[in-house]
Structure formats: C-alpha cells, structure tokens
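Thanks for coming, everyone. Please take a moment with the sequence and the structure, and then I'll walk through them.

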Amino acid sequence: HTMITDDDWYNPTIHCSTGSKLPVEESTMPHLSILKKYINKQMRITLPDGRVVQGTFICYDYQGNVLMNNADGRSPEEAAAAAARAAAIAAGQADVGDEAPAMHLGMIMVKPQHIVRCEVEESTLLVA
C-alpha cells in the first residue's frame, strides 16, 4: 500500500508500505515532466466513449491526472462535425460563422485512464 502526502506543500512524498518515504521529483517521473511545457495552452482530450473536452491545461499531478479550466464538452457527433467544419474553414471552403455551442463544464479533472487522445494547440499560449 502506497500513500502520498504533502509533508510541506512544496515537498510531496510517497509513503510506501515498507515505511520508507520517497520524494516526488521530476527526475523520478520524466514521462510527466514533458507536460510542463504545455501548461496554459489549449488542450483537447478524447475520452473512451468518444466525447471530447477542450479547455486550458492548467496543471497535472504525479499520477498523471490533468486539470483543465474553462472546459467545454462535445458528444462524438458534435466533435466530428466541429473538426470537419474547422478543416473546411482552414481549406477556405467555409466561412467562419456560428456553430453549435458546446456544453460548458468549467474546471475539470481527467484521470489518465480516461485519456484516449490528447492534443495541444502549440500556438495558443495564454498570458494571464
């Protein structure tokens, strides 16, 4: 049995069943440290049932949970229609106009086991 606690808010540790304490460090979890450069960028996550959520990626934890702000959700059908419309606009075959609004979800957390696909728009650096 393993448990994580925040001995200090800046110094989280993992408490193992053997009694040992391991620091949660970037060097021990390099697969998560690659996410750091995408903080404050627009992220789109596809869920196992085909729904798509999109919002501002604001943080992650050592378990790989993703926290997004100002997230909107679309059904699989709505997501496919929005992607086709975006492609048509990019190709100059459609005008930018009103599209069906997505359901506003606000701030959400997505567990890593529910992430089928994750996309980040590199050009959307948001400045607070």
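Let me start with burial. Buried means under 20% relative accessible area, exposed means over 50%, and partly exposed is in between, using a 1.4 Å probe and protein chains only. A caution next: this is a predicted model, where local features need pLDDT of at least 70, side-chain atom pairs count only at pLDDT 80 or more, and totals for chains, interfaces and linings use all residues. Residues are numbered from 1 along each chain as its sequence is written, and side-chain values use heavy atoms, with hydrogens and water left out.

First, the overall fold. The chain has two helices and eight strands. Helices (H or I, at least four residues) and strands (E, at least two) are DSSP runs, numbered from the N terminus. Going along the sequence, the order is β-β-β-α-β-β-β-α-β-β.

Now the surface. The chain has 128 residues, and 23% of them count as buried.

Contacts next. A contact means heavy atoms within 4.5 Å. Take the contacts between residues at least 6 apart in sequence: 49% of them join residues at least 24 apart.

On to the interior. A nonpolar core is a set of buried Ala, Val, Leu, Ile, Met, Phe, Trp, Tyr and Cys residues joined through side-chain atoms within 4.5 Å. The largest one here has 12 residues, including L35, Y38, M43, F57 and V110. At least two core residues come from each of strand 4, strand 5 (52-60), strand 6 and strand 7 (103-110). Which strand gives the largest share of this core? Strand 6 does, with three residues.

Look at M43 in that core. Leaving aside residues up to four places away in sequence, M43 touches V53, Q54, G55, F57, V66, M68, C118, E119 and V120.

F57 deserves a stop. Is F57 buried or exposed? F57 is buried, because its relative accessibility is 0%. A search of the whole structure turns up one aromatic pair. The two rings belong to F57 and Y60; their centres are 6.3 Å apart and their planes are at 20°, so the pair counts as stacked. The rule: rings of Phe, Tyr and Trp (its six-membered ring) pair if their centres lie within 6.5 Å, and planes under 30 degrees apart are stacked, over 60 edge-to-face, the rest tilted. Y60 itself is partly exposed, at 22% relative accessible area.

Now a polar residue. Q42 sits in strand 4 (residues 41-46). Q42 is buried, at 19% relative accessible area. Its side chain makes a polar contact of 3.1 Å with the side chain of T56. A polar contact is a pair of N or O atoms within 3.5 Å; within protein, one must be able to donate a hydrogen and the other to accept it, and residues adjacent in sequence count only if both atoms are side-chain atoms.

Last, the backbone. N40 has a positive phi, near 75°, in a residue other than glycine. N40 lies in the loop between helix 1 (30-33) and strand 4. N70 also has a positive phi, near 50°, and N70 is in strand 6 (residues 66-74).
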